[in-house]
Amino acid sequence: MKKIAIILSLFAVLLAAGCSNETVEIDTLQIFGDEFYQGQKVDMGMSVKTSDPDNTYYEWWCEAGSFPAAQQGYPVMKWTAPKENGEFLIRYTVKCGGTKETREALVKVNGVFFDRFSSNEGNSTPSGWTATNQQARQRDGQFETHVLGNQPTDSLGWVTRDLGINPFQPPLSVTADVGISSSSVSPFNPKFPTKSETLYSDNFMGIGFTGRNPGEETAPTHYISELMVDWWPMDHYYDDVDYFAPGDNTAGTPRNILASDFDARLTVKVTRRSDPAAGIQQSTETFMVFFKSEAFKAGLDQTRNVGLSVESDYKVTVNVDGTDVFTSTALQDLKAAYNNAPLDVQSFKYIYPNLTMVYLDNLVVNDSAELLY
């Protein structure tokens, strides 16, 4: 037994001596992406030169977020980003015995979701996006889309992206670069305004959120099913718009506003959940608040960065190119009027008219009212 112990001790000494003479050199750290959103799982890997791979150990450390313990010791790793925004330090070490080398890198976490559309995938719809009755594609690092129609009477088009965050309630915000492509058939430049009943859709575009039913176990009978900021970058198709304002009884006569009196609006949809026991079917009411701002005006291939933020008290602010242009308590008022109706976001939504090729880029969704660009 004593001989065996001596032999094992000598073996350990020799192994340590051999390992201490090994060389290790970190060539690069491979992080698959430039920035990430909260909770995203990120693949990482070290490119290492080592004279003895069998005796080399790889160690990972992060300032925030987490690495799975089971992957320690390997040159590849999957980092889970933290539930906060900022720049965070990643440290990676390669060692063998007394020889080691350490490097560091900063990684950026920016919002709870973003899409930069940087991969040029030709005529394919970006992964995770839904486009109905539209031709959508990624081209030159942007998301382009248009309605599959060629008449002014064709319906609006829209694309959506389920954010996969549940629950996701205010405070929250979204910012995106949007514009009209010069390849548009009719780039928001009608030869009329006309009465709204002759068309299916006006020539506005908009960004915002769709809300989910909070579930039967929650108390509110109503919920906010859509919140959008819509704007007219060029001329109107319609010469006037019928609408209901927050506080109106939608069973009555709608108000009317001339197209010349507004450039943009806030649109809120409130849905009444069905209650079969009480004989109540699901129904949705739509309310609008109009405002003027030249900031939304844009020509072909002229990008506007539009932001929509909702504070924890449901006050809404609209921002264009870094400047706040409109603030409204409409969402606060509707929440209070409809049994404390919540906004629990399901999806991001981008809406646009027919006959128009539009693009979307640099979409960032945040879990605070702070707009991230």
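Colleague: Which strands each supply at least two residues of the lining of the largest pocket?

Modeller: In this predicted model, they are strand S2 (35–36), strand S3 (41–50) and strand S8 (113–115).

Colleague: Which of them gives the most?

Modeller: S8 does, with three residues in the lining of the largest pocket.

Colleague: How many residues line that pocket, and which lie nearest its centre?

Modeller: There are 21 lining residues. Nearest the centre are Gln 40, Phe 114, Asp 115, Arg 116 and Ser 118.

Colleague: How much space is in there?

Modeller: The largest pocket holds about 470 Å³.

Colleague: And what is the lining like by class: how many nonpolar, polar and charged?

Modeller: Eight residues of that lining are nonpolar, six are polar and seven are charged.

Colleague: OK, the second largest pocket. How much space lies there?

Modeller: About 180 Å³. Its lining has 13 residues, and those nearest the centre are Phe 204, Glu 226, Thr 267, Lys 269 and Ile 351.

Colleague: Which strands each supply at least two residues of that lining?

Modeller: Strand S15 (222–231), strand S18 (264–272), strand S19 (283–291) and strand S23 (345–352) do. By class, the lining of the second largest pocket splits into six nonpolar, two polar and five charged residues.

Colleague: Change of topic. Where is Pro 171?

Modeller: Pro 171 is in the loop that lies between strand S12 (157–162) and strand S13 (172–180).

Colleague: What does Pro 171 touch, leaving out residues up to four places away in sequence?

Modeller: Pro 171 touches Val 310, Glu 311, Ser 312, Asp 367, Ser 368 and Ala 369. Take Glu 311: Pro 171 and Glu 311 are 140 residues apart in sequence, but 4.5 Å apart in space, C-alpha to C-alpha.

Colleague: Last topic, the open sheet of three strands. What is the strand order?

Modeller: The order is S1-S3-S5, with antiparallel pairing. Strand S1 (24–31) and strand S5 (76–80) are the edge strands, each pairing on one side only. On average, neighbouring strands of this sheet are turned by 25° against each other, direction ignored.

Colleague: What do strands of a sheet pair through?

Modeller: They pair through backbone hydrogen bonds, either parallel or antiparallel.

Colleague: How many bridges join S1 to S3?

Modeller: Seven, and the two strands run antiparallel. To find the pairing on screen, look for Val 24, which stands opposite Thr 50 in S3.

Definitions and conventions
Residues are numbered from 1 along each chain as its sequence is written. This is a predicted model: local features need pLDDT of at least 70, side-chain atom pairs count only at pLDDT 80 or more; totals for chains, interfaces and linings use all residues. Side-chain values use heavy atoms; hydrogens and water are left out. On a 1 Å grid over the protein atoms alone, a cavity is a set of points where a 1.4 Å probe fits but cannot get out, and a pocket is an open set with protein on both sides within 12 Å along at least five of seven lines; lining residues have an atom within 4 Å of a point. Grid points are joined across faces, edges and corners, and a volume is the space filled by probe spheres set on the points. Helices (H or I, at least four residues) and strands (E, at least two) are DSSP runs, numbered from the N terminus. Ala, Val, Leu, Ile, Met, Phe, Trp, Tyr, Cys and Pro count as nonpolar, Asp, Glu, Lys and Arg as charged, and the others, Gly among them, as polar. Contact means heavy atoms within 4.5 Å. Two strands pair if DSSP finds at least two bridges between them. Axes are lines fitted to C-alpha atoms, for helices over the stretch in contact, and angles run from 0 to 180 degrees between N-to-C directions.
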